[in-house]
Amino acid sequence: MSGHSQFKNIMYRKGAQDAKKARVFAKLARDITIAAKSGLPEPDKNPRLRLAIQAARAESMPKDNIERAIAKASQTAGGNDYVSARYEGFGPGKVAVIVEAMTDNKNRTAGNVRTIFGKRGGVMGESGSVAFNFERIGYIKYPADATDADKMFETALEAGANDVVSDEEAHEIETVPDDLNAVTEALEKAFGTPSASRLDWKPTVKTDITDLETAQKFLEFVDALEDDDDVQKVYHNAEFSEEVLKALEASED
């Protein structure tokens with residue numbers, strides 16, 4: 001779970017940028033609409049939709065927006081069909097990167113992602129070129145005040161989780177992918193809606209970043225990918241040294 005916690009340390013710099021809530025909400029709404037189209041438009045009967053709604057609530061997406069996104073699923077029957085796409089490669093500092101996208105035009109999305117890799121000091125690879133550096137996991141997150149660490153640990157492991165890491169900010173729970181829904185449901189009954197519940201790519205091999213310039217270039221590269229409308233998630237195996245984290249914080253002051 002250290003990959004999630006470590007990356008959390010540099011999220012300070014994205015706090016202000018996340019005023020781009022409109023873009024975040026648009027991506028979440030797309031997830032909800034696609035999930036609703038994939039099955040029944042009722043969360044209790046559609047696990048994928050339930051998870052999409054949970055993710056939206058975790059970002060404080062208004063209830064009206066969520067309901068409109070669900071309604072759009074029936075209104076867009078026969079319209080554009082979105083498909084998932086995955087791209088792999090290396091960013092600045094030779095950091096392994098996985099980009100997950102949802103698109104109605106794979107050629108457009110692939111071209112945009114390739115351009116960002118090329119212009120931002122990265123190299124886009126073939127499918128499978130970096131995925132071996134990661135493992136697929138289920139990831140659930142609760143704020144620290146949801147319960148105490150011992151209670152979360154006991155409840156999560158009883159529900160079938162593989163690992164639980166708690167600190168002063170959050171509880172992070174890891175599962176095998178097939179158990180994500182069951183563990184989420186068990187924890188939801190005990191502690192309410194999680195702030196995150198999703199499939200993730202967890203790095204098994206890390207790439208150290210020990211100088212500020214490379215760190216800044218890499219973070220700008222990730223920002224550029226995340227700003228693309230079709231990109232849903234960006235995963236990487238960067239490990240930032242304490243000195244670099246402190247320098248990044250100082251550069252933002």
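Me: How many aromatic pairs does the count come to?
Reply: The count comes to four aromatic pairs. Keep in mind that this is a predicted model.

Me: What kind of aromatic pair do Tyr142 and Phe191 form?
Reply: Tyr142 and Phe191 are edge-to-face, with 6.0 Å centre to centre and 75° between the planes.

Me: Where in the chain do Tyr142 and Phe191 sit?
Reply: Tyr142 is in strand β4 (residues 134–143) and Phe191 in helix α7 (residues 180–191). They are 49 residues apart, so the pair links distant parts of the chain.

Me: Buried or exposed, those two?
Reply: Tyr142 and Phe191 are both buried.

Me: And Phe218 with Phe221, what is the geometry there?
Reply: That aromatic pair is tilted, at 6.1 Å centre to centre and 40° between the planes. Phe218 and Phe221 lie three residues apart in helix α8 (residues 212–227), so about one helical turn separates them. Phe218 is buried at 0% relative accessible area, and Phe221 is buried at 0% as well.

Me: Which residues do ring pairs link into a cluster?
Reply: The cluster consists of Phe117, Phe218, Phe221 and Phe240.

Me: Switching to helices. At what angle do α2 and α3 cross?
Reply: The axes of α2 (residues 21–38) and α3 (residues 47–58) cross at roughly 165° and come within 8 Å. The two helices are therefore roughly antiparallel. The crossing is left-handed.

Me: Which residues make the contact?
Reply: From α2 they include Leu28, Ile32 and Ala35, and from α3 they include Leu49, Ala52 and Ile53. The contact residues divide into ten nonpolar, one polar and two charged.

Note on methods:
Residues numbered from 1 in each chain as written. Predicted model: local features only at pLDDT ≥ 70, side-chain atom pairs only at ≥ 80, totals over all residues. Heavy atoms only, no water. Axes fitted to C-alpha atoms, helices over the stretch in contact; angles between N-to-C directions. Helix = DSSP H or I, 4+ residues; strand = E, 2+ residues; numbered from the N terminus. Parallel < 35°, antiparallel > 145°, perpendicular 65-115°, else oblique. Left-handed = near helix turned anticlockwise from the far one by under 90°. Contact = heavy atoms within 4.5 Å. Nonpolar A, V, L, I, M, F, W, Y, C, P; charged D, E, K, R; others polar. Phe/Tyr/Trp six-rings, centres within 6.5 Å; stacked < 30°, edge-to-face > 60°. Buried < 20%, exposed > 50% of the residue type's maximum accessible area, 1.4 Å probe, protein only.
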